[in-house]
Amino acid sequence: MIGLLRAAVLAFVLLSVVYVIVSIYSRSVRREKLEKDWDSDPDKLGAESSERDAYIKAGLNAYRHSLRRKLIVLVYIIPMAVVLATAYAVNHQ
């Protein structure tokens with residue numbers, strides 16, 4: 001029982017590290033896309049940097065409420081479901 005608890009804590013810590021890395025990467029990709037969208041529009045070439053910053057901030061705020069960000073939680077759910085399904089299949093067959 002102690003071994004199972006220890007393995008669960010280790011798995012949670014490792015999945016938390018993966019979650020943080022994937023979250024940072026996803027946010028970075030979104031920010032880069034917003035910056036490229038702003039820079040590719042010829043009408044915005046003469047705009048101030050504060051307008052660009054406001055555009056990026058608004059885009060990241062929209063990202064914070066998006067489905068993509070919420071789906072990153074699957075980093076926890078999918079591995080745990082696979083482990084539970086495997087344990088069930090091994091013990092009840």
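The structure is a predicted model, in which local features need pLDDT of at least 70, side-chain atom pairs count only at pLDDT 80 or more, and totals for chains, interfaces and linings use all residues. Residues are numbered from 1 along each chain as its sequence is written, and side-chain values use heavy atoms, with hydrogens and water left out. The average pLDDT (the predictor's confidence in each residue, from 0 to 100) is 90 for the chain, and 99% of the residues score at least 70.

Ser 16 is located in helix H1, residues 2-40 (helices are DSSP runs of H or I with at least four residues, numbered from the N terminus). Ser 16 has a relative accessible area of 19% and is therefore buried (under 20% relative accessible area, 1.4 Å probe, protein chains only). A polar atom of the Ser 16 side chain lies 2.8 Å from the backbone oxygen of Phe 12. Ser 26 also belongs to helix H1 and counts as buried because its relative accessibility is 12%. Beyond its neighbours within four places in sequence, Ser 26 is in contact (heavy atoms within 4.5 Å) with Tyr 63, Arg 68 and Ile 72.

The largest pocket holds about 240 Å³ of space. A pocket is an open set of points on a 1 Å grid over the protein atoms alone where a 1.4 Å probe fits, with protein on both sides within 12 Å along at least five of seven lines; lining residues have an atom within 4 Å of a point. The volume is the space filled by probe spheres set on the points. The lining comprises Leu 4, Ala 7, Ala 8, Ala 11, Leu 15, Pro 79, Met 80, Val 83, Leu 84 and Ala 87. H1 and helix H4 (74-91) are the elements that give two or more residues to this lining.

Key
Buried means under 20% relative accessible area, exposed over 50%, partly exposed in between (1.4 Å probe, protein chains only). A polar contact is a pair of N or O atoms within 3.5 Å; within protein, one must be able to donate a hydrogen and the other to accept it, and residues adjacent in sequence count only if both atoms are side-chain atoms.
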